[in-house]
Amino acid sequence: MNSLRPTVLVTGASSGIGLATARLLARRGYDVLAGVRCHRGRQTVQDEGMQNLSPVWLDVTRDDHVEQLIAEIRQTRPDGLFGLVNNAGIGPPAAVELSDIDEVRRILEVNTLAPLRLIQACLPLLRDARGRIVNISSLNGFVALPMVGAYSASKFALEALCNSLRVELRPWKIPISVVRPGQIGTPIFDKARTALQERAQQIPPELGYGYSKLYARAAQFNERGARAATPPEAVARVVLRALEARRPRLHYVVGADARGLGLVQSLMPTRWFDALVGALAGASPSPAVPERNGAAPATPPGAGDGSPAVPLDSRKRRSSWLALVQHQARRTSTSSGAPNSPR
Ligand SMILES: NC(=O)c1ccc[n+]([C@@H]2O[C@H](COP(=O)([O-])OP(=O)(O)OC[C@H]3O[C@@H](n4cnc5c(N)ncnc54)[C@H](OP(=O)(O)O)[C@@H]3O)[C@@H](O)[C@H]2O)c1
C-alpha cells in the first residue's frame with residue numbers, strides 16, 4: 001500500500017465494473033483499496049499484480065467491516081481519502097407481486113443503505129483530502145422497467161439521497177456524481193439468468209397467463225443484453241473522469257441504450273411509454289381477463305348501504321369518476337354532523 005498517492009476506495013471490486021474501475025484507477029497511479037468479501041474476490045484483485053491495488057475486506061452491509069476499514073485508512077493514510085466509489089450492488093430480477101420481501105430488503109440494504117453507510121463513514125476522511133464521491137446507479141435509477149421494480153426502487157432511492165447530499169455538502173465543496181450505466185457486460189447477467197430460470201418455475205399456475213411471458217421475455221432480454229452490452233471499462237473511464245474533471249458532472253449516462261431509453265421516456269406520455277414497454281416486455285392486457293365494460297362498478301356506490309345510488313346517465317357519457325365524486329359530495333353534504341363523520 002502506498003499512502004503518498006491519493007487513495008480511492010472502490011466497493012464491490014471482485015468483478016465487473018468494480019474490478020475494471022479499480023484496475024484503471026491503479027494504472028492511473030492512485031492508491032486503490034478494492035473492496036472484496038470473499039477469498040475468490042481477494043485472489044482476483046491480487047492476480048492483477050499491482051502494488052498500488054490492494055484488496056480490503058468489505059461486506060458493505062456490515063458495520064464492523066466499515067468501522068475497521070475506516071480505522072485502518074485513518075492510521076495508514078494521513079492525507080485522508082481522495083475518492084469513494086460506491087459500486088457494490090445486486091439486482092436479482094422478479095415481478096413486484098412475486099418479489100420476496102426479504103430479498104427486497106436485501107437489495108435495498110446493499111444498493112441504498114450501504115452507500116449511505118459508507119458515505120457517512122468516509123466523509124471525515126474525504127473532507128481531509130478534499131475528496132469526491134461517485135455512486136454507481138443505473139439506467140434503472142431513472143427509468144423503472146418491469147421485472148426490476150425492487151432494483152429500481154433501490155437505485156431511485158440512492159439517487160434521491162445523492163440529490164439531497166449534493167446540496168448539503170456544498171459548504172465543503174465535496175462533489176457527488178451519479179453514474180447511470182445501461183447494460184454492461186459483467187457477471188450480473190449470469191446471476192440474472194440463474195435467478196430467472198429458478199423463478200419462472202415458481203410462478204403460481206393461476207398467474208401463469210400474466211407472468212410466464214414476462215419472465216420468458218426477461219430471459220430473452222437478458223441474453224440479448226449480455227451479447228450487446230457495453231464493456232465495464234467504459235464505466236471505469238467515466239468514474240475516472242468524475243474523479244478528475246475540474247467540474248465533475250452530476251450525472252453520467254453510459255451506453256447508447258441508457259441514453260436512448262431515457263430520451264424516449266422523457267418525450268413520451270407515460271401511458272404510451274407503459275404501452276410500449278409492456279408490449280416489448282410481454283405484459284400487454286391479456287385476452288383471458290374480461291373487460292370491465294368501462295370503469296363503472298357493476299353496483300353503483302351507495303347501493304345496498306342505504307344511501308342513494310348514482311344514476312349513470314349513459315347518454316351524457318358522464319365519466320364514472322365524475323359520478324363517483326358527485327355522489328361522494330352529495331353523501332358528505334347529507335351526512336354532515338353525523339357522529340362518525342370526519343371533523
Ligand atoms: N452490469 C450492468 O448491466 C449494470 C447496469 C447498471 C448498473 N450496474 C451497477 O453496477 C454495479 C456493479 O455491478 P456489476 O455489473 O459489475 O455486477 P457484478 O459483476 O455482479 O459486481 C457486483 C459486485 O458487488 C459486490 N457485492 C455484492 N454484494 C455485496 C456486499 N454485500 N458487500 C460487498 N460487495 C458486494 C460483488 O461481490 P461478490 O463477488 O462477493 O458477490 C461484486 O463485486 C452495481 O451497483 C450494479 O447495480 C450494473
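What share of the contacts in the protein with a separation of 6 or more comes from residues 24 or more positions apart? The figure is 72%, where a contact means two C-beta atoms, placed from the backbone, within 7 Å. Keep in mind that this is a predicted model, so local features need pLDDT of at least 70 and side-chain atom pairs count only at pLDDT 80 or more, while totals for chains, interfaces and linings use all residues. Residues are numbered from 1 along each chain as its sequence is written.

View 1. Of its 343 residues, 34% count as buried. Buried here means 20 or more other C-beta atoms within 10 Å of a residue's own, exposed means 12 or fewer, and partly exposed is in between, with C-beta atoms placed from the backbone. The largest nonpolar core holds 74 residues, and Ala22, Val32, Ala34, Val179 and Val239 touch the most other members. Helix 4 gives the most to this core, with 8 residues. Such a core is a set of buried Ala, Val, Leu, Ile, Met, Phe, Trp, Tyr and Cys residues joined through C-beta atoms within 7 Å. Zoom in on valine 239 and, leaving aside neighbours within four places in sequence, you'll find Thr21, Val85, Val134 and Val179 in contact with it.

**View 2. The shell around the ligand.** Here 31 residues surround the ligand, and the closest are Gly12, Gly16, Ala88, Gly89 and Thr186. Two elements give two or more residues to this shell: helix 1 (16-27) and helix 6 (188-200). Helix 1 supplies the largest share, 3 residues. Sorted by class, the shell has 13 nonpolar, 15 polar and 3 charged residues. For that count, Ala, Val, Leu, Ile, Met, Phe, Trp, Tyr, Cys and Pro are nonpolar, Asp, Glu, Lys and Arg are charged, and the others, Gly among them, are polar.

**View 3. Helix 4, end to end.** Helix 4 covers residues 101-129, and its 29 residues reach 40 Å from first C-alpha to last, close to the 42 Å expected at 1.5 Å a residue. That expected span is 1.5 Å times one less than the number of residues. At leucine 123 the helix bends by about 50°, and proline 124 follows within four residues. The bend is the angle between axes fitted to the seven residues ending there and the seven starting there. Buried residues of helix 4 include Ile107, Val110, Leu118 and Cys122. The packing partners of its buried residues are strand 1 (7-10), helix 3 (63-76), strand 4 (83-86), strand 5 (132-136) and helix 5 (149-168).

View 4. Leucine 126 sits in helix 4 and counts as buried because 22 other C-beta atoms lie within 10 Å. Setting aside neighbours within four places in sequence, leucine 126 is in contact with Gly80, Leu81, Leu84, Gly131, Ile133 and Ile174. Its C-alpha is 6.1 Å from that of glycine 80, 46 residues apart along the chain. Proline 78 is in the loop between helix 3 and strand 4 and counts as exposed because it has 10 C-beta neighbours inside 10 Å. The C-alpha atoms of proline 78 and aspartate 128 are separated by 8.6 Å, though the two are 50 residues apart along the chain.

**View 5. Two residues with positive phi.** Most residues other than glycine have a negative phi. Arginine 130, in the loop between helix 4 and strand 5, has a positive phi near 50°. It is partly exposed, because 14 other C-beta atoms lie within 10 Å. Methionine 147 has a positive phi of about 75° without being a glycine, and its place is the loop between strand 5 and helix 5. Buried or exposed, how does methionine 147 count? Methionine 147 is buried, because it has 27 C-beta neighbours inside 10 Å.

Definitions and conventions
Near = placed C-beta within 6 Å.
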